[in-house]
Amino acid sequence: MRSGFAFRITHRDNLARRGELATSRGVIQTPAFMPVGTQGAVKALTHRDLEESGAEIILANTYHLHLRPGEGLIARLGGLHRFIGWRAPILTDSGGYQAFSLGERRVIDEDGISFRSHLDGSAHRFTPERATEIQAALGSDIAMVLDECLAYPATPDATRQSMHRTLRWARRCRDRLVTLCESSAPGGVAVTNPGQAQFGIVQGGIDPALRSESAGATVGIGFEGYAIGGLSVGEPVDVMYEVVGATAPHLPDDRPRYLMGTGTPADLVEAVSRGIDLFDCVLPTRNARNGQLFTGEGRLNIRNARHAEDAGPPDESCTCYTCRHYSRAYLRHLFMAGEITAHTLNTLHNVHFYLDTMRRIREAIVFGTLEKLRVAYHQAFSPRSSDS
Ligand SMILES: [Zn+2]
């Protein structure tokens with residue numbers, strides 16, 4: 001374990017865990033959701049908004065920060081926390097997912113991934129070592145290993161080969177981090193948070209045997225926490241739940257488990273009930289900017305004409321700033337008029353809804369009532385209940 005990093009489970013409800021994840025920059029109550037701050041900001045919100053919503057950790061994207069403004073500049077200005085003015089914990093991804101998503105703009109080989117920037121076409125290369133160095137310069141509290149992100153569906157052979165490459169890359173990432181943090185002059189690489197934790201990533205597609213093999217070998221390398229990657233990439237939702245349920249038991253009980261890039265409010269409750277502790281997803285923020293709000297009754301599309309003269313709040317049971325002050329009619333007007341404030345008010349509500357969902361989940365685990373909550377969220381967020 002790296003200094004200042006600790007994970008403690010305080011309550012259990014079947015497979016679900018209520019816990020506390022301690023970092024040198026603060027304690028995160030788990031299960032937790034991380035709003036996505038792609039370029040060092042959660043789109044449309046200020047850090048003050050996030051703090052008031054109760055966000056205890058945010059995620060930042062290494063790919064975007066590497067391209068602009070560059071980890072060198074951020075390190076010279078004291079690291080990512082100081083640069084963006086956020087004092088609580090930050091998790092950075094490895095940059096791999098965005099690089100893999102570039103399609104024809106990228107080439108993968110055993111040593112790493114070469115790609116062209118989506119901004120100006122300039123050439124870049126992420127190797128396991130480089131992805132680790134960039135995150136060390138950013139100084140996030142939790143760094144992720146570089147993994148190979150396979151498209152869905154993939155053949156069993158391709159899935160197996162990719163899973164083994166991810167394991168080789170994970171070992172290289174860990175070796176590089178240990179060298180960086182233990183050396184006093186790590187070859188010109190800036191290390192702005194020597195206590196940085198690093199999570200390994202389990203791959204293996206939708207094959208339980210490959211997932212189990214990947215989990216065992218990743219745990220063998222030894223990380224502060226473990227993520228389940230390669231899901232929410234187009235597979236049916238039941239398959240995702242199955243893979244999560246089959247993978248989580250192969251991860252150590254005393255380390256945090258992070259399901260990457262997931263999901264809907266129902267997905268969060270389903271995954272927690274299978275033993276997951278950490279989440280991130282662009283859904284609440286991206287959908288807010290498209291006019292879709294998550295409510296206790298399901299999804300609500302603020303563009304819908306039936307809200308035009310509705311004086312009620314988006315969600316009767318919500319205590320967020322938006323719901324306490326504004327009507328559906330006003331929010332619809334702002335959205336239709338293209339006002340920037342529409343993005344802010346919608347995002348405030350959705351982020352509040354997600355963080356409130358996590359508060360309810362944590363409370364339910366303490367009281368042993370998670371199954372009741374799971375059924376309620378399942379009903380509210382089934383496809384039939386959406387207001388499209
Ligand atoms: Zn609200």
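Biologist: Hi! What should I know about the model before we start?
Modeller: It is a predicted model, where local features need pLDDT of at least 70 and side-chain atom pairs count only at pLDDT 80 or more, while totals for chains, interfaces and linings use all residues. Residues are numbered from 1 along each chain as its sequence is written, and side-chain values use heavy atoms, with hydrogens and water left out.

Biologist: Great. How many salt bridges does a search of the whole structure find?
Modeller: The search finds 25 salt bridges. Each is a side-chain nitrogen of Lys or Arg within 4 Å of a carboxyl oxygen of Asp or Glu.

Biologist: Which residue forms a salt bridge with Glu-71?
Modeller: That is Arg-130, with the closest N and O atoms 2.8 Å apart. The pair links distant parts of the chain, as Glu-71 is in helix H3 (residues 71–76) and Arg-130 in helix H6 (residues 128–138), 59 residues apart. Helices (H or I, at least four residues) and strands (E, at least two) are DSSP runs, numbered from the N terminus.

Biologist: And is Glu-71 buried or exposed?
Modeller: Glu-71 is buried, at a relative accessible area of 10%. Arg-130 is partly exposed, at 29%. Here buried means under 20% relative accessible area, exposed over 50%, and partly exposed in between, with a 1.4 Å probe and protein chains only.

Biologist: What about Glu-270, which residues does it pair with?
Modeller: Glu-270 forms a salt bridge with Arg-274, closest N and O atoms 2.9 Å apart, and another with Arg-374, at 2.8 Å. Glu-270 lies in helix H10 (residues 265–272) and Arg-374 in helix H15 (residues 370–380), so this pair ties together parts that are 104 residues apart in sequence. Glu-270 is buried at 3% relative accessibility, whereas Arg-274 is partly exposed at 25%.

Biologist: How many residues of H10 are buried?
Modeller: Eight of the eight, so H10 is largely enclosed by the rest of the structure. Among them are Pro-265, Asp-267 and Val-272.

Biologist: Which residues are linked in a network of salt bridges?
Modeller: Asp-109, Asp-111, Arg-125, Glu-129 and Arg-172 are linked that way.

Biologist: Changing topic: what coordinates the zinc ion?
Modeller: Cys-318 (SG), Cys-320 (SG), Cys-323 (SG) and His-349 (ND1) do, at 2.1 to 2.3 Å. Donors are N, O and S atoms within 2.8 Å of the metal (3.2 Å for Na, K and Ca), and water is not among the atoms, so sites may look incomplete.

Biologist: Why is the arrangement called tetrahedral?
Modeller: Because the four donor atoms subtend angles of 100 to 116 degrees around the zinc ion. Four donors count as tetrahedral if all angles lie between 85 and 135 degrees. For reference, the ideal angle for four tetrahedral donors is 109.5 degrees.

Biologist: How are the donor residues spaced in sequence?
Modeller: The spacing is C-x1-C-x2-C-x25-H. Cys-323 in helix H12 (residues 321–325) and His-349 in helix H14 (residues 340–367) are 26 residues apart and link distant parts of the chain. Cys-323 and His-349 are both buried.

Biologist: Now Gln-198, where does it sit?
Modeller: Gln-198 is in strand S11 (residues 197–202), and it counts as buried at 1% relative accessibility. Its side chain reaches the backbone oxygen of Cys-173 at 3.3 Å. Leaving aside neighbours within four places in sequence, Gln-198 is in contact (heavy atoms within 4.5 Å) with residues including Thr-132, Arg-174, Phe-223 and Glu-224.

Biologist: Which peptide bonds are cis?
Modeller: One joins Arg-68 and Pro-69, with omega about 10 degrees; Pro-69 is in the loop between helix H2 (62–67) and H3. Another runs from Tyr-152 to Pro-153, with omega near 0 degrees. Pro-153 is in the loop between strand S10 (142–144) and helix H7 (156–182).

Biologist: Last one: what is phi at Asn-14 and Ser-232?
Modeller: Phi of Asn-14 is near 55 degrees, and Ser-232 has a positive phi of about 60 degrees. Most residues other than glycine have a negative phi. Asn-14 is exposed, at a relative accessible area of 73%, in the loop between strands S1 (6–13) and S2 (16–23). Ser-232 is partly exposed, at 33%, in the loop between strand S12 (225–228) and helix H9 (237–247).

Definitions and conventions
Tetrahedral: all angles 85-135°; square planar, octahedral: opposite > 155°, others 65-115°. Polar contact = N/O pair within 3.5 Å; in protein donor to acceptor, adjacent residues only side chain to side chain.
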